[in-house]
Amino acid sequence: MKLSELLKGVKVDGAYIDVDIKDVTADSRLVEEGFLFICIKGASFDGHSVAEEMLNKGAAAVICEYDLGLENQVVVEDTRAALSPICANYFGNPADKLKIIGLTGTNGKTTTTFLIKQILENIGKKVGLIGTVQNMVGDEVYPAHYTTPDPHELQSLFRKMVDSGCEYCVMEVSSQALAQNRVAGVHFKIGAFTNLTQDHLDYHKTWENYFNSKRMLFENCDIAVTNIDDEYELRIVEGLDCKVTTYAVDKNSSDYTAKNVNFYADGVMYELVSDQIGRVYCPVPGRFSVYNSLCAATVVLSLGFDFKDVVLAISKSKGVKGRIEVVPTDTDYTVIIDYAHSPDGLENIITSLKEIAKGRVVTVFGCGGDRDKTKRPKMGEIASRLSDFCVVTSDNPRSEEPSKIIEDILEGMKELDTPYKVVENRKEAIKWALENAKENDIILLAGKGHETYQILPTGTIHFDEREVIKEILENK
């Protein structure tokens with residue numbers, strides 16, 4: 001493909017040599033003969049510093065933000081913003097042939113995207129999915145490295161979806177991806193908002209930066225679906241041209257409302273009320289399952305599908321790995337794995353479990369290292385206030401000392417009377433919780449969810465909580 005074809009829609013400063021391009025990358029380790037190298041300036045590495053080296057390595061051209069004095073250079077204002085349309089051009093702009101649904105928010109994105117995919121499939125549509133747990137093209141599964149992939153991988157997935165006959169793509173859109181222009185140029189049929197609470201301030205630095213990154217999704221969508229029970233629901237779309245459709249559980253002024261909600265150990269049931277009324281059953285327990293399924297229903301109904309078909313399709317949906325996942329144990333207590341790793345996420349899951357628990361709720365949790373430290377005592381306070389017993393342990397400590405992270409968590413627990421135990425090693429913490437479980441207890445393992453690894457100061461190890469539970473129970 002000619003360089004000029006890749007640069008369609010990209011504003012270029014000055015002339016350039018129109019060479020043939022074999023592939024596109026912003027990763028200097030992947031450059032091969034005939035590649036186009038995009039110089040991206042990151043937090044710790046600036047691609048401009050190796051531009052000449054990439055040409056010597058065989059790159060056909062480099063995209064940069066200022067004159068590097070190189071013969072095969074193309075100067076643009078923002079290389080990160082240019083990367084997305086260049087990759088889209090390389091793959092033939094596949095997103096233009098898909099109806100793309102993007103979800104953003106602090107909690108609920110993963111479960112809601114899976115629910116939307118399952119509802120559309122139950123109605124008879126072929127759907128692609130991009131998100132935290134995995135990427136999917138119909139039933140075919142691809143590994144997920146990031147919640148929202150880099151532009152090259154993203155456009156590659158779009159291409160696979162189009163080639164396999166997908167009509168829809170539903171995807172999680174993270175605040176980091178929006179801030180880094182990973183979805184620049186992608187037009188969303190629907191942008192959906194779940195909620196906004198504290199998370200990722202280690203990256204965004206300020207709450208306003210975090211909020212404004214989320215808002216970027218709705219600047220490029222036809223329909224915005226928002227949760228008006230959340231205090232930020234109107235600000236997220238304020239002043240934008242998109243059509244707004246709302247959903248809620250607590251407020252009656254929404255377009256779609258959940259009323260007469262009932263909670264069960266294996267799911268939730270409620271009346272979905274708009275200009276019609278339908279009885280909805282979602283086979284995933286917890287209050288936030290009402291919000292997730294309600295958001296999913298609102299999205300699909302906003303696409304124009306029949307009300308009765310959508311209500312029926314929700315009941316056929318399934319759970320998601322690592323999201324209120326009940327682990328088979330053949331014991332007189334219940335073990336649940338959930339990804340909750342933010343204050344709001346932890347509060348939601350424990351509150352939901354308390355509504356169905358016949359015995360104690362015992363929460364095993366930690367906090368991630370090299371991340372926002374301010375949420376550690378908040379999560380400690382929430383776990384202590386809502387649980388009947390807490391086991392404080394490690395999550396992904398990364399480069400930090402696990403004991404220091406635990407000290408931060410305990411700061412939020414010291415004013416409360418809830419009993420707790422500190423077991424730094426996560427496997428041993430799970431073992432202690434299972435060995436001390438009582439009849440009808442719910443043992444909540446919070447924070448890891450779908451992850452099958454643990455990032456320690458000494459490196460990354462394999463760590464799948466399902467395997468850990470099985471091993472502990474077999475050795476008991």
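**Ground rules**

I number residues from 1 along each chain as its sequence is written. Since the model is predicted, local features need pLDDT of at least 70 and side-chain atom pairs count only at pLDDT 80 or more, while totals for chains, interfaces and linings use all residues; side-chain values use heavy atoms, with hydrogens and water left out.

**Entry 1: the sheet as a whole**

I began with the strand order. Helices (H or I, at least four residues) and strands (E, at least two) are DSSP runs, numbered from the N terminus. Two strands pair if DSSP finds at least two bridges between them. On that basis I found an open sheet of 11 strands with mixed pairing, in the order β9-β8-β7-β10-β6-β11-β12-β13-β14-β15-β16. Which strands stand at the edges? They are β9 (140-143) and β16, each with a single partner strand, so one side of each has no neighbour in the sheet. From one strand to the next, the twist averages 20°.

Next I looked at β6 (residues 99-104) and β11 (residues 188-193), which pair in the parallel sense over 4 bridges. Leu103 has Ala192 of β11 as its bridge partner.

**Entry 2: helices on the sheet**

For this entry, contact means heavy atoms within 4.5 Å. Axes are lines fitted to C-alpha atoms, for helices over the stretch in contact, and angles run from 0 to 180 degrees between N-to-C directions. Helix α4 (residues 109-123) packs on the sheet and touches β6, β7 (127-130), β8 (134-137), β10 (168-172) and β16. Its direction makes about 170° with that of β10. Helix α10 (residues 307-315) lies across β15 and β16, and runs at about 20° to β16.

**Entry 3: strand β7**

With β8, the sense is antiparallel over 2 bridges, and Gly128 stands opposite Val137. A hairpin of 3 residues joins β7 to β8.

**Entry 4: strand β15 and its two partners**

Is β15 (residues 267-273) largely enclosed or open? I found 5 of its 7 residues buried, so the strand is largely enclosed by the rest of the structure.

On one side, β14 (residues 256-264) runs antiparallel to β15, with 6 bridges joining them, and a hairpin connects the two through 2 residues. On the other, β15 and β16 (residues 277-282) are antiparallel over 6 bridges, with a hairpin of 3 residues between them.

**Entry 5: helix α14**

Which residues of α14 (residues 426-435) are buried? I listed Arg426, Ala429, Ile430, Ala433 and Leu434. Seen down the axis of α14, they fall within an arc of 130° (taken from the directions from the helix axis to the C-beta atoms), so they line one face of the helix. What covers them includes β18 (334-338), β19 (361-365), β20 (389-392), β22 (442-446), β23 (453-456) and α15 (465-475). At the start of α14, a side-chain oxygen of Asn425 comes within 3.0 Å of the backbone nitrogen of Lys427.

**Entry 6: Ser352**

I found Ser352 in helix α11 (residues 343-356). Ser352 counts as buried, at 2% relative accessibility. Setting aside neighbours within four places in sequence, Ser352 is in contact with Gly286, Arg287 and Phe288.

**Entry 7: cysteines**

How many disulfides does the structure hold? I found 0, with a disulfide taken as a pair of cysteine sulfur atoms within 2.5 Å. For Cys87, the nearest cysteine sulfur is that of Cys39, 14 Å away. Cys87 is buried, at 0% relative accessibility. For Cys166, the nearest cysteine sulfur belongs to Cys169, at 8.0 Å. Cys166 is buried too, with a relative accessible area of 6%.

Key:
Buried means under 20% relative accessible area, exposed over 50%, partly exposed in between (1.4 Å probe, protein chains only). A polar contact is a pair of N or O atoms within 3.5 Å; within protein, one must be able to donate a hydrogen and the other to accept it, and residues adjacent in sequence count only if both atoms are side-chain atoms.
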